[in-house]
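Hi everyone, thanks for coming.

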Amino acid sequence: MNAWLRRWLFEALYKNAYLYRFASTVPFAGQWRVWQRLVLPRLHGYDVLELGCGLGDLLADMIEAGYACRAVEYSPQMVKAARDTLRRRKLANDALVIQGSARALPFSDASFDTVVSTFPSEYIYDPDTIAEVERVLRPGGRLVVIEGANLLPVGLLQPFLLVIQLLVYGPSAVFGPRKQHNLDEEMARNRGEGLPGDKVLYTNRNTGTGVTTDVLPNAWFGQHIPLEKHGLRRRSERVRSRYWEVYITIGEKD
Ligand SMILES: C[S@@+](CC[C@H](N)C(=O)[O-])C[C@H]1O[C@@H](n2cnc3c(N)ncnc32)[C@H](O)[C@@H]1O
């Protein structure tokens with residue numbers, strides 16, 4: 001599938017809540033919501049802004065968890081879908097979701113403790129977006145980006161789903177974050193074998209859930225998010241279970 005067709009497909013996705021729900025559920029074995037929720041333990045402070053909230057599921061999770069949230073979403077159809085989600089989950093307040101762009105945030109300086117972005121499109125690589133994020137963050141605040149995730153080819157179903165992802169999202173989206181780390185290496189890690197050159201600053205294993213978080217000093221993902229240019233300190237986390245791997249980039253403001 002060529003790049004033009006893929007872009008057209010994405011535009012179509014952001015205009016139709018049902019299509020988007022399908023595309024973010026089925027090819028990812030229903031794990032998308034699990035990956036979104038990895039934001040929750042990384043929230044700092046009380047006031048949270050979500051960029052590109054899509055269907056608004058994470059927004060609702062964060063409000064339910066007691067955070068004061070706002071969201072800026074570019075697509076009018078997704079704004080409506082997010083407001084519908086809040087209504088369905090009895091958290092209705094249309095004013096919380098604003099139609100606008102992450103590149104020009106309608107908030108005054110130092111308004112938020114955390115800015116969140118899950119599975120962002122190109123806006124997250126735009127220096128204008130990061131300048132705006134830095135502006136609206138309070139000192140000590142942070143940007144949390146779930147940049148991407150991969151299903152690992154384990155079991156019977158996941159290799160099949162990987163092929164669907166490749167067709168729909170393209171090899172760079174599916175394998176992009178892997179650049180230096182191919183699937184065999186990921187499988188080796190999954191079997192608990194160490195990898196030469198896989199440097200880890202800190203590891204946290206949750207034996208209850210089987211989820212491991214590694215803090216990486218020179219991560220191969222998130223490098224195109226221009227954090228340092230705007231004075232944000234980078235922290236890269238790779239979270240993995242037996243079935244998937246998620247790439248998280250955090251930008252901390254001093
Ligand atoms: C891949 S979707 C991710 C949605 C949601 N965060 C999730 O985890 O499912 C990207 C979202 O970003 C929105 N978006 C694209 N450009 C944007 C911009 N400049 N500002 C705000 N939102 C934008 C799209 O409309 C879409 O809803």
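**Around the ligand**

Let's begin at serine 101: an N or O atom of its side chain lies 3.2 Å from a nitrogen atom of the ligand. That is a polar contact, meaning a pair of N or O atoms within 3.5 Å. Before going on, please note that this is a predicted model, where local features need pLDDT of at least 70, side-chain atom pairs count only at pLDDT 80 or more, and totals for chains, interfaces and linings use all residues. Residues are numbered from 1 along each chain as its sequence is written, and side-chain values use heavy atoms, with hydrogens and water left out.

The side chain of arginine 103 has an N or O atom 3.4 Å from a ligand nitrogen, and for glutamate 73 the distance to a ligand oxygen is 2.5 Å.

How much of the ligand does the protein bury? Of the 600 Å² that the ligand exposes when taken alone, 94% is buried by the protein. Areas here come from the Shrake-Rupley method with a 1.4 Å probe; for residues, only the protein chains shown count as cover.

The shell around the ligand has ten nonpolar, eight polar and two charged residues. Here Ala, Val, Leu, Ile, Met, Phe, Trp, Tyr, Cys and Pro count as nonpolar, Asp, Glu, Lys and Arg as charged, and the others, Gly among them, as polar.

Leucine 5 counts as partly exposed because its relative accessibility is 35%, and partly exposed runs between buried, under 20%, and exposed, over 50% (1.4 Å probe, protein chains only).

How values were computed: Polar contact = N/O pair within 3.5 Å; in protein donor to acceptor, adjacent residues only side chain to side chain.
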